[in-house]
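This briefing goes through one protein model by topic. Please look at the sequence and the structure, then read the points below.

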Amino acid sequence: MGQNGILTVEDLRLHFRTTKGPVQAVDDVTLTLRRGRTLVVVGESGCGKSSLARAILRLLPRNVHTYSGRIWLNGSDVMTLPEEQFRREVRWVRLALVPQGAMNALNPVLRVGEQVAEPLVVHGRAASVAEARRSAAEIFRQVGVPLDFLDRYPFELSGGMRQRVAIAMALVTVPDVVLLDEPTSALDVLTQANIMNVLKAIKRDMGTSFILITHDIATSSEIADDAAVMYAGQIVEASQAAQFYREPLHPYSRALMASVPTLRETKTLGFIPGRPPSLIGPPQGCRFADRCPARFSRCSEEPPMVAVEGQRQVKCWLYA
């Protein structure tokens with residue numbers, strides 16, 4: 001995925017404890033986000049994408065079974081920081097999250113202006129509440145929210161405006177990296193396009209680096225610089241976006257692209273037979289093998305991540 005990474009994740013694991021055994025939601029994930037770029041992580045629902053975001057931000061539930069790996073942010077290993085220092089210096093300061101479902105992320109009894117200004121006060125980024133409010137107003141302007149909305153409650157805003165407020169809340173501390181977890185999943189097509197235009201403008205004007213987590217391949221192509229495909233808790237392909245959208249390599253990636261309708265040509269939409277494996281005791285070898293049309297005998301062994309065509313990587317025996 002290239003050098004000069006602002007955020008590098010190495011061998012990251014996040015397993016959850018259940019009565020049936022550990023759920024391997026994130027299993028040995030390695031990826032790099034380059035400065036000023038957008039890395040899109042795509043995959044089916046349940047493949048571990050949202051768990052990956054929460055593992056990076058260390059937003060962990062109580063039933064954690066395994067949490068290990070390295071997370072390098074601007075050259076510093078933030079995994080080694082004590083929880084309190086991570087909360088004070090990293091989370092919402094240098095790493096921020098736009099969660100899925102803005103209505104659930106906003107406090108219904110606080111005005112949205114107060115909620116956007118709050119991180120500045122909590123983390124000492126503003127000398128006063130008035131200064132924090134001025135900063136909130138400025139970020140509202142950048143994400144396209146009218147200033148009179150500062151004093152409105154979440155229920156008074158449309159879904160698109162609530163999503164813009166959630167984006168403003170993540171950006172107000174000017175973090176190095178913003179993780180976007182399905183930011184357009186509950187919105188209509190026109191509003192989705194407007195939100196993507198907002199993100200492109202922020203990327204251009206503020207130089208923010210994004211990790212966009214989504215199952216919507218078509219929408220993500222609007223902003224993607226790099227792409228990573230996640231399946232059953234693992235990254236199975238990583239490359240520059242232009243190469244990925246033009247010619248995906250992994251059989252799973254090809255199947256995903258075949259299922260996307262296009263405007264310029266008539267084609268029979270593909271589908272992926274079967275269903276993803278359980279992340280409680282996943283199968284040995286390639287986790288996509290049972291659904292793969294190119295399966296052969298060696299797929300019963302764990303495939304390596306293979307470098308193909310320079311910066312492209314694919315976890316598949318076809319390229320080993």
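## Cysteines and overview

C299 is buried, at a relative accessible area of 9%; buried means under 20% relative accessible area, exposed over 50%, and partly exposed in between, with a 1.4 Å probe and protein chains only. The model is predicted, so local features need pLDDT of at least 70 and side-chain atom pairs count only at pLDDT 80 or more, while totals for chains, interfaces and linings use all residues. Residues are numbered from 1 along each chain as its sequence is written, and side-chain values use heavy atoms, with hydrogens and water left out.

**Disulfides**

- A disulfide is a covalent bond between the sulfur atoms of two cysteines.
- Here a disulfide is counted as a pair of cysteine sulfur atoms within 2.5 Å, and by this rule the count is zero.
- C292 has its closest cysteine sulfur in C299, at 6.1 Å, which is too far for a bond.
- C299 is in no disulfide either, as the nearest cysteine sulfur, that of C286, is 5.7 Å away.
- C292 counts as buried, with 16% relative accessibility.

**The sheet**

- Helices (H or I, at least four residues) and strands (E, at least two) are DSSP runs, numbered from the N terminus.
- Two strands pair if DSSP finds at least two bridges between them.
- Strands of a sheet pair through backbone hydrogen bonds, either parallel or antiparallel.
- In this model, four strands form an open sheet with antiparallel pairing, in the order β2-β1-β4-β5.
- β2 and β5 are at the edges with a single partner strand each, so one side of each has no neighbour in the sheet.
- Eight bridges join β1 (residues 5-16) and β2 (residues 23-34) in the antiparallel sense.
- Within this pairing, T8 has T32 in β2 as its bridge partner, and L12 stands opposite V29 in β2.
- The hairpin of β1 and β2 has six residues between the strands, and G21 there takes a positive phi near 125°.
- β1 also pairs with β4 (residues 64-73), in the antiparallel sense and over eight bridges.
- On that side, V9 has I71 in β4 as its bridge partner.
- In a regular strand the side chains alternate between the two faces of the sheet.
- Helix α1 lies across β1, β2 and β4 and runs at about 110° to β1.
- For such descriptions, contact means heavy atoms within 4.5 Å; axes are lines fitted to C-alpha atoms, for helices over the stretch in contact, and angles run from 0 to 180 degrees between N-to-C directions.

- D11 is not a glycine, yet its phi is positive, at about 50°.
- D11 belongs to strand β1 and is partly exposed, with 42% relative accessibility.
- N74 is not a glycine either, and has a positive phi of about 55°.
- N74 sits in the loop between β4 and β5 (76-77), and its 34% relative accessibility makes it partly exposed.

**Salt bridges**

- Side chains of opposite charge can pair when their charged atoms come close.
- A salt bridge is counted when a side-chain nitrogen of Lys or Arg is within 4 Å of a carboxyl oxygen of Asp or Glu.
- The whole structure has 24 salt bridges.
- One of them joins the side chains of E83 and R58, at 3.5 Å from N to O.
- E83 is in helix α2 (residues 83-89) and R58 is in the loop between α1 (49-57) and β4, so this pair ties together parts that are 25 residues apart in sequence.
- E83 is partly exposed at 39% relative accessibility, whereas R58 is buried at 11%.
- Another salt bridge joins E222 and K200, at 3.3 Å from N to O.
- This pair links distant parts of the chain, 22 residues apart: E222 is in the loop between α8 (217-220) and β9 (226-231), and K200 is in helix α7 (residues 189-206).
- E222 is partly exposed, with a relative accessible area of 48%, and K200 is partly exposed with 26%.
- E301 and R298 also meet in a salt bridge, at 3.9 Å from N to O.
- Of this pair, E301 is partly exposed at 41% relative accessibility, and R298 is partly exposed at 40% relative accessible area.
- A network of salt bridges links E84, R87, R88 and E89.
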